[in-house]
Amino acid sequence: MFEKCEAIVLRTIDYGETHKIVTLLTREWGKVAVMARGAKKPNSRLSSVTHLFTYGHYLIQKSRGVGSLHQGEIIDALRGIREDIFATAYASYVVELTDKIMEERRPNPYLFELLLQTLKYMNDGLDLEILTYIYEMKMLRVIGLPPSLDGCAVCGRSKGRFSFSIKEGGFLCDQCEEKDPYRFSLSSAAVRLLRLFYHLDLSRLGKISVKKETKNELHHVISAYYDEYSGLSLKTKRFLEQIEQLKSRLQ
Ligand SMILES: [Zn+2]
C-alpha cells in the first residue's frame with residue numbers, strides 16, 4: 001500500500017548503477033529511508049524529486065527496512081541553495097545535523113517545521129551564519145542538552161554581566177565566574193542573541209543584522225558546547241569551516 005507524505009530530502013546515496021537510497025524527513029512519520037529505483041537515470045521521474053534539500057510530496061511504500069519511493073511532486077526545489085556554494089555548505093551542515101540527531105520513524109513536527117523554515121530562509125538569501133546559529137541553539141532543546149541561558153548556571157541570577165561556561169553548561173554571572181577559568185567572555189550583544197535564538201519563534205524572524213565580532217563570539221560558544229556535549233562528528237562541519245575561511249578571504 002502506498003502512502004502519501006510531506007518531506008525534505010536529507011541524504012541520498014547511490015545504490016548500484018541506477019538506484020538511489022534516499023533519506024527523507026517526513027512531517028508525518030519522522031525520518032524514513034526509501035529506495036528510489038532508477039533515480040540515477042537523468043530521465044527518470046524520480047531524478048529531480050530526490051535531489052538533496054528538495055521539499056515535496058512523496059508517495060512511498062513503507063516497510064520494516066528500506067521502503068520504496070513510488071512517486072514525488074516538488075513543492076519547492078529550494079534551487080537557490082543548490083546554486084550557491086555558501087548556501088549549500090550551511091544547508092548541508094544543518095541537514096546532516098538533523099539526520100544524525102533524528103532516530104528513524106520518530107515523528108517530530110516541530111523539528112520538521114524548523115528545518116523547512118531554516119532552509120527556506122537560506123534559499124531566500126537571509127544571513128546563513130545567523131540561521132545556522134539559531135538552528136544549532138534550537139536543536140539543543142531537541143537533543144536534550146539545554147544550556148542555562150535565563151540566568152547564571154551556578155546561582156541563578158538573571159541580571160548583570162555574563163560569561164559562558166562550557167563546564168557549567170551556560171551563563172556565569174560575574175560573581176560566579178571564578179568557577180570556570182576557561183569561560184568565554186561575552187559582549188552584552190552576544191548574551192542577548194544567545195537567549196533570543198534559543199527562545200525565538202523562527203517564523204517571526206525579522207531583519208537581523210549582527211556584527212562580525214559578535215558572530216565570532218556566537219560561533220565559538222556554540223561550537224565548543226556541541227564539541228563538549230553532543231558527541232557528534234559531522235563531515236559537513238569541516239567543509240563548512242573551509243568555506244568560512246574562503247568567505248573571509250573574499251570579503
Ligand atoms: Zn552566579
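Author: A residue counts as buried when its relative accessible area is under 20%. The model discussed here is predicted. By that cut-off Cys-152 is buried, because its relative accessibility is 5%. Cys-176 has a relative accessible area of 12%, so this residue is buried as well.

Both cysteines belong to the zinc site. The zinc ion is coordinated at 2.3 Å by the SG atoms of Cys-152, Cys-155, Cys-173 and Cys-176. The angles among these four donor atoms run from 105 to 114 degrees, and the site is tetrahedral. A site with four donors counts as tetrahedral if all angles lie between 85 and 135 degrees, so the site meets the criterion. Along the chain, the donors are spaced as C-x2-C-x17-C-x2-C. Cys-152 is in the loop between H4 and strand E6 (162-165), while Cys-176 is in the loop between strand E7 (170-173) and strand E8 (184-185); the pair therefore ties together parts that are 24 residues apart in sequence.

The strands named in that description also form a sheet. E7, E6 and E8 make up an open sheet of three strands, in the order E7-E6-E8, with antiparallel pairing. E7 and E8 are the edge strands, each pairing on one side only. E6 and E8 run antiparallel and are joined by two bridges. Within this pairing, Phe-164 has Phe-184 in E8 as its bridge partner. In general, the strands of a sheet pair through backbone hydrogen bonds, in either a parallel or an antiparallel sense.

Elsewhere in the chain, strand E1 has two pairings. With strand E2 (residues 19-26), E1 pairs in the antiparallel sense over eight bridges, and Val-9 stands opposite Leu-24 in E2. The hairpin of E1 and E2 has three residues between the strands, and Gly-16 there takes a positive phi near 65 degrees. With strand E4 (residues 55-61), E1 is again antiparallel, over seven bridges; here Phe-2 has Gln-61 in E4 as its bridge partner.

The largest pocket holds about 230 Å³ of space. Its lining includes Leu-10, Arg-11, Thr-12 and Ile-13, together with Ser-92, Val-95, Glu-96, Asp-99 and Lys-100. Strand E1 (2-15), helix H2 (85-101) and helix H7 (235-250) are the elements that give two or more residues to this lining. H2 provides the largest share, five residues. By class, the lining residues of the largest pocket are four nonpolar, three polar and five charged.

The second largest pocket holds about 200 Å³ of space. Among the residues that line it are Tyr-90, Glu-129, Tyr-133, Lys-212, His-219, Glu-244 and Gln-251. Helix H4 (128-143), helix H6 (212-229) and H7 each supply at least two lining residues, and the largest share, four residues, comes from H6. The lining of the second largest pocket divides into two nonpolar, four polar and five charged residues.

Terms used. Residues are numbered from 1 along each chain as its sequence is written. This is a predicted model: local features need pLDDT of at least 70, side-chain atom pairs count only at pLDDT 80 or more; totals for chains, interfaces and linings use all residues. Side-chain values use heavy atoms; hydrogens and water are left out. On a 1 Å grid over the protein atoms alone, a cavity is a set of points where a 1.4 Å probe fits but cannot get out, and a pocket is an open set with protein on both sides within 12 Å along at least five of seven lines; lining residues have an atom within 4 Å of a point. Grid points are joined across faces, edges and corners, and a volume is the space filled by probe spheres set on the points. Ala, Val, Leu, Ile, Met, Phe, Trp, Tyr, Cys and Pro count as nonpolar, Asp, Glu, Lys and Arg as charged, and the others, Gly among them, as polar. Donors are N, O and S atoms within 2.8 Å of the metal (3.2 Å for Na, K and Ca); water is not among the atoms, so sites may look incomplete. Four donors count as tetrahedral if all angles lie between 85 and 135 degrees; four count as square planar and six as octahedral if opposite donors are over 155 degrees apart and all others between 65 and 115; anything else is irregular. Buried means under 20% relative accessible area, exposed over 50%, partly exposed in between (1.4 Å probe, protein chains only). Two strands pair if DSSP finds at least two bridges between them.
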